[in-house]
Amino acid sequence: MVTTGDNGFSPAARRQLEKELADLRAQRDAMAPIVGEQERTGDAADQAEVLDRAEAAAYLDRRISDVAAKLEHGGRTKGLLPDGTTVTLRFAPGDEDEFHIVTIPGEDSDAFAVTSDSPLGLALVGAKEGDDIKYRTPRGEATATVVTLKPPA
């Protein structure tokens with residue numbers, strides 16, 4: 001079972017965010033302008049390349065800021081199930097499956113991981129054991145019955 005770590009993230013989600021932040025910072029460092037690069041005047045293609053790199057750097061700066069803020073302020077989003085919640089659902093033919101709610105899908109997520117902001121994750125907000133829920137799928141609307149819903153320890 002996934003347990004909630006610092007700031008509402010499971011340890012796996014925290015590791016994934018930390019790795020993403022390190023990768024983004026490495027990409028940003030690799031884009032740092034070479035001393036005197038902006039002073040050189042070249043043709044329009046050279047100037048366009050400098051502008052493209054500046055736009056890419058600005059995007060990386062925004063992503064770095066977003067990921068760092070998420071790590072600092074936490075993964076609990078008001079109105080969503082917390083990372084690490086476990087839910088068992090019964091579907092129409094009587095099959096039951098256990099799902100794990102994750103804030104950030106990643107390589108540590110199993111086949112039964114559901115993001116908290118997905119249609120199924122949103123349908124579970126406020127649900128209790130025994131409730132019937134409806135949610136959208138690529139094939140149309142689906143229904144299930146909540147058998148168990150356990151928040152993270």
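**Fold of the predicted chain**

Residues are numbered from 1 along each chain as its sequence is written, and side-chain values use heavy atoms, with hydrogens and water left out.

The chain contains three helices and five strands. Read from the N terminus, their order is α-α-β-β-β-α-β-β. The accessible surface of the chain, calculated by the Shrake-Rupley method with a 1.4 Å probe, comes to about 9,700 Å², and 51% of it belongs to carbon and sulfur atoms. Contact means heavy atoms within 4.5 Å. Among contacts between residues at least 6 apart in sequence, 51% join residues at least 24 apart.

The five strands form an open sheet in the order E3-E2-E1-E5-E4, with mixed pairing. Strand E3 (113-115) and strand E4 (132-137) stand at the edges with a single partner strand each, so one side of each is left without a neighbour in the sheet. On average, neighbouring strands of this sheet are turned by 45° against each other, direction ignored; the axes behind such angles are lines fitted to C-alpha atoms, for helices over the stretch in contact, and angles run from 0 to 180 degrees between N-to-C directions.

Two strands are taken to pair if DSSP finds at least two bridges between them. Strand E1 (residues 86-90) and strand E2 (residues 96-102) are antiparallel and share five bridges; in one of these strands, E2, Glu-98 is the bridge partner of Thr-88. E1 and E2 form a hairpin with five residues between them, and Gly-94 in the turn has a positive phi of about 95°. E2 and E3, in contrast, run parallel and are joined by three bridges, with Ala-113 in E3 as the bridge partner of His-100. Elsewhere in the sheet, E4 pairs with strand E5 (residues 140-150) in the antiparallel sense over six bridges. A hairpin joins E4 to E5 through two residues. Thr-137 stands opposite Gly-140 in E5, and Arg-136 stands opposite Glu-141 in E5.

Helix H1 (residues 11-30) has 20 residues and should span 28 Å at 1.5 Å a residue; its end C-alpha atoms are 29 Å apart, which agrees. The expected span is 1.5 Å times one less than the number of residues. The buried residues of H1 are Ala-13, Arg-14, Leu-17, Leu-21 and Leu-24. They cover an arc of only 100° around the axis, which puts them on the same side of H1; the arc is that of the directions from the helix axis to the C-beta atoms. The face turned away from this buried side carries the exposed residues Asp-29 and Ala-30.

Arg-28 also lies in helix H1 and is partly exposed, with a relative accessible area of 23%. Not counting residues up to four places away in sequence, Arg-28 touches Ala-57, Leu-60, Asp-61 and Ile-64. Arg-28 and Ala-58 are 30 residues apart in sequence, and their C-alpha atoms are 9.1 Å apart in space.

How values were computed:
Predicted model: local features only at pLDDT ≥ 70, side-chain atom pairs only at ≥ 80, totals over all residues. Helix = DSSP H or I, 4+ residues; strand = E, 2+ residues; numbered from the N terminus. Buried < 20%, exposed > 50% of the residue type's maximum accessible area, 1.4 Å probe, protein only.
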